[in-house]
Amino acid sequence: MKIGVVGGTGGMGKGFALRWCKNHDILIGSRDAARAINSAKEYSELAKQVHRQIKGIISGSDNASIAKQSDVLVLSIPYENIDSVCSAILPQVKDSCVVVSPIVPMTKTDLGFEFIPLKENKPFSYQLVAKYMKNRSKLVSAFHVISEKKLADPKLKLDYDIFVCGDDQDAVNVVNGLINEIEGLRPIYLGAGELSYMAEIATPLLLNAMIKNKLRNPGIKIA
């Protein structure tokens with residue numbers, strides 16, 4: 001498959017590129033195409049050092065260009081950028097494209113990390129992204145509780161559960177398959193897309209637990 005990562009020059013884009021390029025082509029997106037190209041070259045060189053041999057190609061371009069080509073499109077963008085980015089690129093994706101939202105609506109306050117939909121009575125991420133989908137059933141929420149630092153270091157062993165929400169079983173199966181391709185990750189289905197707030201709110205919960213208890217890049221594992 002061709003897997004695009006919008007906003008792929010950050011830690012999440014790097015992690016997905018290094019771990020999925022063994023079997024898939026990875027398209028790194030950015031508002032700045034030159035930056036995306038440079039990041040893609042860096043990831044390619046590192047991937048060859050780590051894996052020695054990869055089946056996929058890592059390339060870079062602007063967000064709109066990679067969105068048009070992708071079979072799976074991951075939205076690695078801040079909550080406050082959903083309207084501006086998604087309104088521009090999601091109408092251009094293929095009808096069959098599965099869109100993955102790991103976006104978390106949270107803010108840092110004196111109390112710690114708080115969930116914006118509860119604090120400010122705003123929509124959660126899935127609801128905002130869904131407004132711009134041609135086919136809402138192709139939207140899947142996942143990867144909210146993965147540590148970017150650990151994901152971006154392919155030498156580190158992962159042992160996390162990843163919450164998944166979505167309405168279309170085929171789209172959910174695609175995402176579950178990609179989760180299973182990353183050693184140490186396990187998909188946990190929570191239900192329909194409208195339940196995505198349950199997965200999204202787990203991130204500020206996890207970050208507050210990390211800070212208050214001095215944990216290092218924790219994840220979630222259901223035993």
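Predicted model: local features only at pLDDT ≥ 70, side-chain atom pairs only at ≥ 80, totals over all residues.
Close-up 1. Residues are numbered from 1 along each chain as its sequence is written, and side-chain values use heavy atoms, with hydrogens and water left out. Look for Phe-124 in the loop between α5 (116-120) and α6 (125-130); helices (H or I, at least four residues) and strands (E, at least two) are DSSP runs numbered from the N terminus. Leaving aside neighbours within four places in sequence, Phe-124 is in contact with Tyr-79, Pro-105, Phe-115, Pro-117, Gly-193, Glu-194, Ser-196, Tyr-197 and Glu-200 (contact means heavy atoms within 4.5 Å). Val-104 is 20 residues away from Phe-124 in sequence, and their C-alpha atoms are 7.9 Å apart.

**Close-up 2. Ser-196, a contact partner of Phe-124.** Ser-196 belongs to helix α9 (residues 196-200). Its relative accessibility is 0%, so Ser-196 counts as buried. The side chain of Ser-196 reaches the backbone oxygen of Gly-193 at 2.6 Å, a polar contact (a pair of N or O atoms within 3.5 Å; within protein, one must be able to donate a hydrogen and the other to accept it, and residues adjacent in sequence count only if both atoms are side-chain atoms). Neighbours within four places in sequence aside, Ser-196 is in contact with Phe-124, Tyr-126, Ser-141 and Cys-165.

**Close-up 3. Helix α1 and the largest nonpolar core.** Eight of the 10 residues of α1 are buried, namely Met-12, Gly-13, Gly-15, Phe-16, Ala-17, Leu-18, Arg-19 and Trp-20. Which members of the largest nonpolar core touch the most other members? Among its 36 residues, they are Phe-16, Trp-20, Ile-58, Phe-143, Ile-146 and Leu-185 (a nonpolar core is a set of buried Ala, Val, Leu, Ile, Met, Phe, Trp, Tyr and Cys residues joined through side-chain atoms within 4.5 Å). Elements giving two or more residues to this core include β1 (2-6), α1 (11-20), α2 (33-51) and α8 (169-181). A second, separate core has 26 residues, including Cys-86, Val-93, Leu-128 and Met-133. Beyond four places in sequence, Phe-16 is in contact with Val-5, Cys-21, Ile-26, Val-74, Phe-143, Leu-151 and Ile-182.

**Close-up 4. Leu-27 and His-24, two buried residues.** Leu-27 lies in strand β2 and counts as buried because its relative accessibility is 6%. Not counting residues up to four places away in sequence, Leu-27 touches Lys-2, Ile-3, Gly-4, Val-5, Ser-59, Ile-66, Gln-69 and Ser-70. His-24 sits in the loop between α1 and β2, and at 8% relative accessibility His-24 counts as buried too. A polar atom of the His-24 side chain lies 3.2 Å from the backbone nitrogen of Met-1. With neighbours within four places left aside, the contacts of His-24 are Met-1, Ile-3, Gly-56, Ile-57, Leu-178 and Glu-181.

**Close-up 5. The largest pocket.** This pocket holds about 870 Å³ of space. On a 1 Å grid over the protein atoms alone, a pocket is an open set of points with protein on both sides within 12 Å along at least five of seven lines, a cavity is a set where a 1.4 Å probe fits but cannot get out, and lining residues have an atom within 4 Å of a point. Grid points are joined across faces, edges and corners, and a volume is the space filled by probe spheres set on the points. Of the 38 lining residues, Met-12, Ser-76, Ile-77, Pro-78 and Glu-148 lie nearest the centre of the largest pocket. Helix α10 gives the most to this lining, with four residues. By class, the lining has 19 nonpolar, 13 polar and six charged residues (Ala, Val, Leu, Ile, Met, Phe, Trp, Tyr, Cys and Pro are nonpolar; Asp, Glu, Lys and Arg are charged; the others, Gly among them, are polar).

**Close-up 6. The largest cavity.** About 40 Å³ of space lies in the largest cavity. Val-93, Lys-94, Asp-95, Cys-97, Met-133, Lys-134, Asn-135 and Lys-138 line the largest cavity, which makes three nonpolar, one polar and four charged residues.

Definitions and conventions:
Buried < 20%, exposed > 50% of the residue type's maximum accessible area, 1.4 Å probe, protein only.
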